[in-house]
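Please find below a colleague's note on the structure shown here.

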Amino acid sequence: MTDTTNSISDLIEISEDGIAFYEEAAQKVKDKKLSTLFTRLAKAKSELAQELSGEIKAPAKAAKKTAKKPPSSLGELSKVYAGLRKQWPESASERYLRMAEIEGQLQTTFQKVVLDRDHSFVVRVLAKQYVSKAEVLNKELRACQRNA
């Protein structure tokens, strides 16, 4: 079993954390363009989490819940959304830089899933579709950082 096989359920959880974060961010910002971008990020993560959840076998889910997870960089990524939520009033430029870093790390992780043949074809296709969407959205996020 590979690292990405062990982390699919973590990636789903992180995506769900991202959904909550970006939905909240969309409501907090006054800029309509930013609100729309955050809503699109939340939607992309929501679609991914929903589709990946449907592909994970129920016995595998049960086994994952009972198995003790080793600490991983993915767990750290999940904590970052919570940290961003707490530190929302920080400078806009720093906030967008941090968001872009997180999304870049997730995109790299999903790219590894795409290349990992231990995953089903469907999981790899879903990961690839997300990577494609994320590239576009991350460029917009980095543009926000430059304009902040």
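The points below treat the model's basis, its overall make-up, its confidence and one residue.

1. The model is predicted: local features need pLDDT of at least 70, side-chain atom pairs count only at pLDDT 80 or more, and totals for chains, interfaces and linings use all residues. Residues are numbered from 1 along each chain as its sequence is written, and side-chain values use heavy atoms, with hydrogens and water left out.

2. The protein has 6 helices and 0 strands (DSSP runs, H or I of at least four residues for helices and E of at least two for strands, numbered from the N terminus). Along the sequence the pattern reads α-α-α-α-α-α.

3. Of the 148 residues, 40% are buried (under 20% relative accessible area, with a 1.4 Å probe and protein chains only). Of the contacts (heavy atoms within 4.5 Å) between residues at least 6 apart in sequence, 77% join residues at least 24 apart.

4. The mean pLDDT (the predictor's confidence in each residue, from 0 to 100) is 80, and 79% of the residues score at least 70. Where pLDDT is low, predicted coordinates should not be read in detail.

5. Y22 belongs to helix α1 (residues 3–28). Y22 counts as buried because its relative accessibility is 0%. Beyond neighbours within four places in sequence, Y22 contacts F38, L41, A42, K45, Y81, M99, E103 and L141.

Technical notes. Buried means under 20% relative accessible area, exposed over 50%, partly exposed in between (1.4 Å probe, protein chains only).
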